[in-house]
Amino acid sequence: MIEKGFAEKFARDWIESWNSHDLDRILSHYSDQFEMSSPKIIQIAGEPSGTLKGKRAVGSYWRKALELIPDLRFELVTTLIGVGSITLYYKSAGGQLAAEVFYFGPDHKVFKAYAHYSLK
């Protein structure tokens, strides 16, 4: 089970990292073998599967996203705790609601994440 203190710290730092637009700080939350799935990967990275594998590939995608949305800002709505995972529910670019599920390894680094976005 994820501990409340860890979840709160992760959520706060993750949101602050994105709002700082500091890619190295953002990537510090993830393992090198990190795998990310998101509908935005299809749109921004042009990857039809919606999944990228490896911190380098995900970092390239996020760099492009930060360039495309220079005023990107996230606002945390709530944090949900699971067994080995955390879900952050937040407001994304343009106020779109998003939920991201993070799976953690024993090193407390994210090894897999799934992003979900509200229908517009």
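This is a predicted model: local features need pLDDT of at least 70, side-chain atom pairs count only at pLDDT 80 or more; totals for chains, interfaces and linings use all residues.
Reader: How do you know that the radius of gyration agrees with a compact globule?

Author: For 120 residues, the globule rule gives a radius of gyration near 14 Å, and the chain has 13 Å, so the value agrees with a compact globule. Along the principal axes, the C-alpha atoms fill a box of roughly 35 × 30 × 25 Å. Under the cut-off of 20% relative accessible area, 42% of the 120 residues count as buried.

Reader: Which secondary-structure elements does the chain have, and in what pattern do they follow one another?

Author: There are four helices and six strands. Along the sequence they follow the pattern α-α-β-α-β-α-β-β-β-β. Among contacts between residues at least 6 apart in sequence, 43% join residues at least 24 apart.

Reader: What makes a set of residues a nonpolar core, and which members of the largest one touch the most others?

Author: The members must be buried residues of the nonpolar kinds, joined through side-chain atoms within 4.5 Å. The largest such core has 32 residues, and Trp 14, Trp 62 and Phe 102 touch the most other members. Elements that each supply at least two residues of this core include helix H1 (4-20), helix H4 (55-68) and strand E5 (97-104). The largest share, six residues, comes from H1. In soluble globular proteins, nonpolar side chains tend to be buried together.

Reader: Why is His 21 called partly exposed?

Author: The relative accessible area of His 21 is 25%. Buried requires under 20% and exposed requires over 50%; His 21, at 25%, is therefore partly exposed. His 21 is found in the loop between H1 and H2, and its phi is near 65 degrees, a positive value in a residue other than glycine. Most residues other than glycine have a negative phi.

Reader: Why is His 108 not called exposed?

Author: Exposed requires over 50% relative accessible area, and His 108 has 47%, so it counts as partly exposed. His 108 lies in the loop between E5 and E6, with phi near 65 degrees, again a positive value in a residue other than glycine.

Reader: How many positive and negative side chains does the chain have, and how far apart are the centres of the two sets?

Author: The chain has 15 positive and 14 negative side chains, and the two centres lie 2 Å apart.

Terms used
Residues are numbered from 1 along each chain as its sequence is written. Side-chain values use heavy atoms; hydrogens and water are left out. Buried means under 20% relative accessible area, exposed over 50%, partly exposed in between (1.4 Å probe, protein chains only). The radius of gyration is taken over C-alpha atoms; the globule rule is 2.2 Å times the number of residues to the power 0.38. Contact means heavy atoms within 4.5 Å. Lys and Arg count as positive and Asp and Glu as negative; His and the chain ends are not counted. The place of a charge is taken as NZ of Lys, CZ of Arg, CG of Asp or CD of Glu.
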